[in-house]
Amino acid sequence: MKTAEIKRRWLAFFESKDHVVVPSASLISEDPTLLFTVAGMVPFIPYMSGLIPAPYGRATSVQKCVRTLDIDEVGKTTRHGTFFQMNGNFSFGDYFKREAIEYAWEFLTSPVDKGGLELPKDKLWVTVFKDDDESIAIWQDVASLPLDRIQRRGMKDNYWSTGQPGPAGPCSEIYYDRGPAYGIEGGPEADEDRYIEIWNLVFMQYERGLGGGKEDFEILGELPKKNIDTGMGLERVAFLMQGVENLYEIDQVRPVLDKAAELSGKTYGQNEQDDVRLRVVADHIRSSLMLIGDGVTPGNDGRGYVLRRLLRRSVRAMRLLGVSEPVFGKLFQESKEAMVDAYPELENEYSRILKIAIAEEEAFLRTLVSGTSVLENHIAEAKNSRAIELSGDICFLLHDTYGFPIDLTLEIAEENGLKVNRDDFDQLMNEQKSRAKADAKMKKAGGVDLSVFAEFRAQGLSEFTGYEFLQSEAKVIGLVLDGASSREAKQGDLVDVILDRTSFYAESGGQSPDAGEILGDGLVLEVLDVQKPVKGLITHRALVRQGSISVGSTVMTRVDPTWRLGAAQAHSATHVVHAALRQVLGPSALQSGSYNKPGYMRLDFSWNNSLSAATKSEIEEISNLAIRQDLAVSAQFMSLPEAKAWGAVALFGETYDESVRVIQIGGAWSRELCGGTHVARSSQIGLVSITNESSVGSGSRRLEANVGLEAISAFNKDRLMLQEIAEQLKTTPANSLEKVSQMLAELKEKQRLLAQAESKQLLAMVPELMEKMQEVGKGKLLATRISEISSPESLRDLTIALRDRVQNDNAVVVLCGVINGKPNISVAVTSRAQDQGIKAGEIVKLASAILGGGGGGKADLAQGAGTDVSKIELALAEIAKSLG
RNA sequence: GGGGACUUAGCUCAGUUGGUAGAGCACCUGCUUUGCAAGCAGGGGGUCAGGGGUUCGACCCCCCUAGUCUCCA
């Protein structure tokens, strides 16, 4: 049975059992502490923990997941994949153990023509928590399983909790017996490779307290609402049903593996090491495809870095298989075709996905080239010094600084007959890891407890009136002082205010929060920040200026109209610039983040090269043209599929409800899903002026612009500056540029002429100075004072010129000159004199000490300076004496 | 978020404990020669990313800023 077919059956089965079918959430987790959606239940966590009331009693989903913790195990085992799909059914205070077990058994064992999977009953085993007699009874009753196929296991295997206070409970797992060829008898307790876990049923029934980790804690009591959370690994079931050996050989993955084998000329199944590499490629390509599809772009931190690693590991594995040409085009094509049945949206996204993948492949091939040359240098060096191994710090340097993978270092070193000090490398690697971890620990201390907001959220959603109104009458639902709920806040308090409705916009979608006041009878609060700590709940962080505020009272929210206009201008400008950007660069230039506040906007987007000045001007021009055309800006609510059919741009990492808000500027000219506040017509934006374009890491660029009045005042500032420059140059602003380049050219020419004249002058002095050359001891010495010299460089050049005249003799040239009122000395020694043990550096040291300063140099040339001009003759005499 | 590194001629890059800024390619001139990266001789081209500091003296050491690469969390 095809993987996509198992998925369809799953959803149909639970839909028939009155479950709401919830589409897979994005791989980009809504929870900021998680990089990715790592399990099927992640999107339901707020409902499980009670933070937000569940909108339905029972639900089902097939959730895309990415987990990279065991990335090094990929390809080596049957069941470690970085991308996988988790089939789940969930109950929020609705059904419990009996139904959960009944549904699971029915789905697994009912005949194919009845919508089930028809797994043979005698191959299924079950584990339960050791004290959970209730579950055992249900299993016997529902499935008529003999007791010897139900195994009791302890806390470690069959008890679920998050590791922290909150819901917890026993679980029951279903296993499939692959048969005696795969291991010993004795059930999952004995061999988890023969008996493969396919489904985990979690019965959340207790509230757990503090305590160490996942095994040692106190049970506080029963949960008021018991939940069911189950997860069936889609890939595992698929590989069992498809009669293949592991998850890399299922229909959604195998074609990539085959293509990689074809490209490398390898035959799968002949060599274990090559097989692992082929599986790594197949797994990583699929994960990358899905991640890019959900809007992740390669980067050097967070999610982007995980994706980059997956892509680069694929390139590395291909290279170890003997392929060094670019291959992503072919591999991604296979992966897309294998996945598109289950995820049709991949078809539309594919050209964007491929572009991003190929750009990363090219970038990595470049770093491999430069890394290879560094490695070759070190190998040559090691061979020259007859070393037998490459040191660990060189391998670490290659990995850490040049991004050159250790496996490739090992391979290439081996080809050159060198070993690698792997222990030192691992040690350095661990040091780097603990550094980063220690830092993360420090930063994490600032975590906020959101539970205080859960009770307010349970009373309902905060209504946002700010799209239509700047002011709203509202009732005070709650106050939070120093993290604790409070009845009242007095003058001077900094308080979080929760209202039943508000005209204040909370920070989201890149738009900064509204500023303004909350007013009441003798009451004035200055609103400093507006946030949504929990989905659906708006809090106002405010300072009580006058009077006091209490729960239950009626207040008026008043947004500062000037602030709001500025914010709306900036946000609409962001949409306009985004549309212009895509018009110029094409649809792959997708916004990856934004920030805007009155007068300023910032837009991050995926793109590989810096923008030329012409491109920037073009974007700016299109933006301002759209502003001048006075396009209508409208907002309307519709379903997500409707919005997508309209071609509205959805931004990744944002989560959208069933009903989404689409902002249009000039109809189809710009359509984006957005919850922000906007101007009514594009002309109200006034002006957009791009100030800067820069990189935020490889593959990601940032545009910044001034908006409205800010743009005009920035222009004014520039104009004033240009005027001042023109005045200084005694010309007009229009002619300033020409004047400056003219002046620079002139200056350069003058400097050139000056240097020429000076060197001519210096050379002219040579014959005269040569006459002062004396015989001292066995050699020649020229030690004299120069009257006219302008710089230490000239003094040096002259010294060298003189030495060159006697370069075949045993000779020393010493020149002293006064520069800026200080005595300078320069000494040059011919090679024959150096052979006699004469060192220029020592002569300078001797002289500069007499002159009251310092100096030094090498054997052939040295320079120094001092403070006492009157000592020059003495110093020269001492030099002559020392050489004589 | 934390670390490592890079930025030198139009291009690719050397520059070894701070003391004369270099090579190859490209360019210009001349000679030789008429083809597959031609040869020979000569020549032009540098705010050593920008700014500050230490020093008699900084491409080199220290600090800041910008751009780029890279690893780890």
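Is Arg178 buried or exposed? Arg178 is buried, with a relative accessible area of 12%. Buried here means under 20% relative accessible area, exposed means over 50%, and partly exposed lies in between (1.4 Å probe, protein chains only).

The model is predicted: local features need pLDDT of at least 70, side-chain atom pairs count only at pLDDT 80 or more, and totals for chains, interfaces and linings use all residues. Residues are numbered from 1 along each chain as its sequence is written, chains are lettered from A and ligands numbered from 1 in the order in which they are written, and side-chain values use heavy atoms, with hydrogens and water left out.

Salt bridges were searched over the whole structure, and 45 were found. A salt bridge is a side-chain nitrogen of Lys or Arg within 4 Å of a carboxyl oxygen of Asp or Glu. Side chains of opposite charge can pair when their charged atoms come close. Arg178 forms one such bridge with Glu245, and the closest N and O atoms are 3.9 Å apart. This pair links distant parts of the chain, 67 residues apart. Arg178 sits in the loop between strand 7 (166–177) and strand 8 (195–208), while Glu245 sits in the loop between helix 6 (234–241) and helix 7 (254–264). Helices (H or I, at least four residues) and strands (E, at least two) are DSSP runs, numbered from the N terminus. Glu245 is partly exposed, at 36% relative accessibility.

A salt bridge also joins the side chains of Arg316 and Asp407, at 3.0 Å from N to O. Arg316 belongs to helix 9 (residues 302–320) and Asp407 to helix 13 (residues 406–415), so the bridge ties together parts that are 91 residues apart in sequence. Arg316 is buried at 15% relative accessibility. Asp407 is partly exposed at 26%.

Arg785 and Glu873 form a further salt bridge, with 3.5 Å between the closest N and O atoms. Here the partners are 88 residues apart: Arg785 is in strand 31 (residues 779–786) and Glu873 in helix 24 (residues 872–883). Arg785 is partly exposed, with a relative accessible area of 33%. Glu873 is partly exposed as well, at 44%. Elsewhere, salt bridges with shared partners join Glu5, Arg8, Arg9 and Asp341 into one network.

Strand 8 is largely enclosed by the rest of the structure, because 11 of its 14 residues are buried. Strand 8 pairs with strand 7 in the antiparallel sense over 10 bridges. Two strands pair if DSSP finds at least two bridges between them. Ser172 has Leu201 of strand 8 as its bridge partner. Strand 8 also pairs with strand 9 (residues 219–233), again antiparallel, over 9 bridges. Phe203 stands opposite Ile228 of strand 9.

An open sheet of 6 strands runs in the order 30-31-32-33-35-34, with mixed pairing. Strand 30 (774–776) and strand 34 (854–857) are its edges, and each pairs on one side only. Neighbouring strands of the sheet are turned by 20° against each other on average, direction ignored. Strand 33 (residues 822–829) and strand 35 (residues 861–865) pair in the antiparallel sense over 5 bridges. Val827 stands opposite Ala862 in strand 35. Helix 24 packs on this sheet and touches strand 30, strand 31, strand 32 (811–819) and strand 33. The direction of helix 24 makes about 175° with that of strand 31. Axes are lines fitted to C-alpha atoms, for helices over the stretch in contact, and angles run from 0 to 180 degrees between N-to-C directions.

The whole structure holds 1 cavity of 30 Å³ or more. On a 1 Å grid over the protein atoms alone, a cavity is a set of points where a 1.4 Å probe fits but cannot get out, and lining residues have an atom within 4 Å of a point. The volume of the largest cavity is about 40 Å³. Its lining includes Val315, Met318, Arg319, Glu361 and Leu365. Helix 9 and helix 11 (346–384) are the elements that give two or more residues to this lining. Helix 9 gives the most, with 3 residues.

Gln252 lies in the loop between helix 6 and helix 7. Gln252 is buried, with a relative accessible area of 1%. Gln252 and Ala4 are 248 residues apart in sequence, and their C-alpha atoms are 8.5 Å apart in space. Neighbours within four places in sequence aside, Gln252 is in contact (heavy atoms within 4.5 Å) with residues including Thr3, Ala4, Arg286 and Met339.

How values were computed: 1 Å grid on protein atoms, 1.4 Å probe; cavity = no way out; pocket = protein on both sides within 12 Å on 5 of 7 lines; lining within 4 Å. Points joined across faces, edges and corners; volume = space filled by probe spheres on them.
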